[in-house]
Amino acid sequence: MESLFFFIFSGLAILSAGFVVLSKNAIHSVVALIFCFFNASALFLMLGAEFLAIILILIYVGAVMVLFMFVLMMMEVNFEKLREGFMQYLPLGLMISLILLMEFAAAAASNIFVAVTHKTDPKTGEFILDEVTKNIIPKAEPLTAQVNNAAEIGKVLYTQYMFAFEVAALILLVALIGAVVLTLRTRKDVKYQSIPKQVRASKADRLRKASL
Amino acid sequence: MIWESVQSLFFNLDGAETVLFTLGRWVLSILAISIGVALTVAYTTYMERRIIGWIQVRQGCNRVGPFGLLQPIADGIKLFLKETIIPAKSSKFLFVVAPVLAMVPAFIAFAVIPFGETTLFGYWDEPRVMTIANVNIGVLYVMAISSLSVYGILLAGWASNSKYAFMGAIRSTCQMISYEISMGFAIVTVLMLAGSMNLAEIVHAQQGGFWNWYLIPLFPMFLVFLISGAAECSRCPFDLPEGESEIVAGFFVEYSGFWFATFSLAEYAAMILISLVTSILFLGGWYAPFPFLDALPIPGTVWLLGKAAFLIFVFIWFRATFPRYRYDQLMRLGWKVFLPWTLAWLAVIGLLIYTPGLEWVLENPISDWIAWR
């Protein structure tokens, strides 16, 4: 039953990913990419990683892809011209995907992924030691329903990976400021409303009694 | 004999629930909620027309049935029987899919809404939460699903291949993006006090009288959430995407018949959802305003639906009172007013929780808002 659902979701993900590349219309590509994200999120859900699944939808589908689609709709892009280079770039694309595949295999075979088993005393429930198994290819297994995903991720994110987390936040902040600086141009030739000025305006500023 | 064979379909010999029981429970609860939402939507339109009529000193619909009560049904039949026109130069597939994409998120978000607690007349020992899925990340789920509703509007505007529809779609997208962030931060302040993303847990944290509701410590956030909610489901005064005086009907100008009705259905369902979520996050969910009222034999669902109905009334009141915002003012309100306010209140709540000597503000003998400490 579970493997059936796995094959349905992963198959649909691959199909829609293919459609993203092959579709003639960019908007249709974006719709297919959104569908692909949904399937990836369903795969996360099957592993019991509901926090990741919902965050994937919230950030990628709910925010990033909306902007993507928005920009695509606003731009006038000649898609026929873009498609001319398809065969030209095919070898490069294949090479990149091959390198990625090799990297995944290498990462899986390396000693980075270790299985840590918490050994506890079966009677008292006291912690004895962490048993580390090296040289394994990690096997994804669904978590039990009792594990609160969000809380567990928060625990490691704010303790073990604090430094990496802060660095990532800083990089994002720099990107944010960069985007503001790039687009902040004060134009003098446009009519612009100053809301504080409008609010502060009183009857005395606007009305003048004319003696007739 | 027959009763026993029926019983054996749903329960094993040891009394455990069978797969058929689980499936049946799911189907029944999904049907109950979706039919309930659809009927509520129909009568919300009636309520809206009557209330606006009352505010504007006129009658509203009062011809079909007693007090016009059959009007929504007559409207539904009329729209259902009308011809659906698909524009010749539209993108046909997306044109047909867009209304469905608008409606589905509005309905599936109700899956995590807890409608109350019940022991089923003493059948269960412990009261169980009345919801389809009692998940730990309920708040995130509602946020994620409600952010999807923009796709229906965006695709409808694009697929129509019409200038006005396209402009409506673009307005809608800008609006959604600006208001979602302040809404998210308003929710974060609730999470800081409740210490859980489970909607039922958030309601439990506000038990025991209205002085325990999050409305009081988070009053500015309540206002931000309510107004952003109106913007999120593009209700007046933020109904720029359909502004009929400027862009005819906005993104659904090319739609007719039942596809047209689907968009209104989605909009009203989103409004009901926002009202329910606001009552759950800030107004104590299914708890009565005074603890002695909880002891009465009134189901908690009545209190929750009553609060939600009041908020729906407030939304309708907005519509009858305020003129439509201009577009740049709407963006300004989202980014320059609400976002700083929510960020500031985040800091205030954080300081009140952790500053030594200030704990009494949120944890005092009268009301204890911090549920996790």
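The loop between helix H2 (19–55) and helix H3 (71–81) of chain B holds B:Val57. Helices are DSSP runs of H or I with at least four residues, numbered from the N terminus. In this predicted model, local features need pLDDT of at least 70, side-chain atom pairs count only at pLDDT 80 or more, and totals for chains, interfaces and linings use all residues. Residues are numbered from 1 along each chain as its sequence is written, chains are lettered from A in the order in which they are written, and side-chain values use heavy atoms, without hydrogens and water.

B:Val57 is not a glycine, yet its phi is positive, near 50°. Most residues other than glycine have a negative phi. B:Val57 counts as exposed because its relative accessibility is 76%; exposed means over 50% relative accessible area (1.4 Å probe, protein chains only). B:Phe67 lies in the loop between H2 and H3 of chain B. Its phi is also positive, about 55°. At 61% relative accessibility, B:Phe67 counts as exposed.

Chain B is assigned domain 1 (1–81) and domain 2 (84–361). Such bounds come from an automatic or database domain assignment. The domain centres, taken over C-alpha atoms, are 21 Å apart. Contact (heavy atoms within 4.5 Å) joins 18 residues of domain 1 to 22 residues of domain 2. The two domains bury about 1800 Å², and carbon and sulfur atoms give 83% of this area. Within the share of domain 1, B:Ile33, B:Glu48 and B:Leu79 supply 29%, more than any other three residues. Buried area is the accessible area (1.4 Å probe) that two parts lose on being put together, summed over both.

One of these residues, B:Glu48, pairs with B:Arg319 in a salt bridge, with the closest N and O atoms 2.9 Å apart. A salt bridge needs a side-chain nitrogen of Lys or Arg within 4 Å of a carboxyl oxygen of Asp or Glu. The rule finds 1 salt bridge across the domain interface.

Between chain A and chain B the count is 0 salt bridges. Their contact involves 26 residues from chain A and 27 residues from chain B. About 2200 Å² is buried between the chains, 78% of it on carbon and sulfur atoms.

A:Met1, in the segment before H1, is exposed because its relative accessibility is 74%.

Technical notes
Helices (H or I, at least four residues) and strands (E, at least two) are DSSP runs, numbered from the N terminus. Buried means under 20% relative accessible area, exposed over 50%, partly exposed in between (1.4 Å probe, protein chains only).
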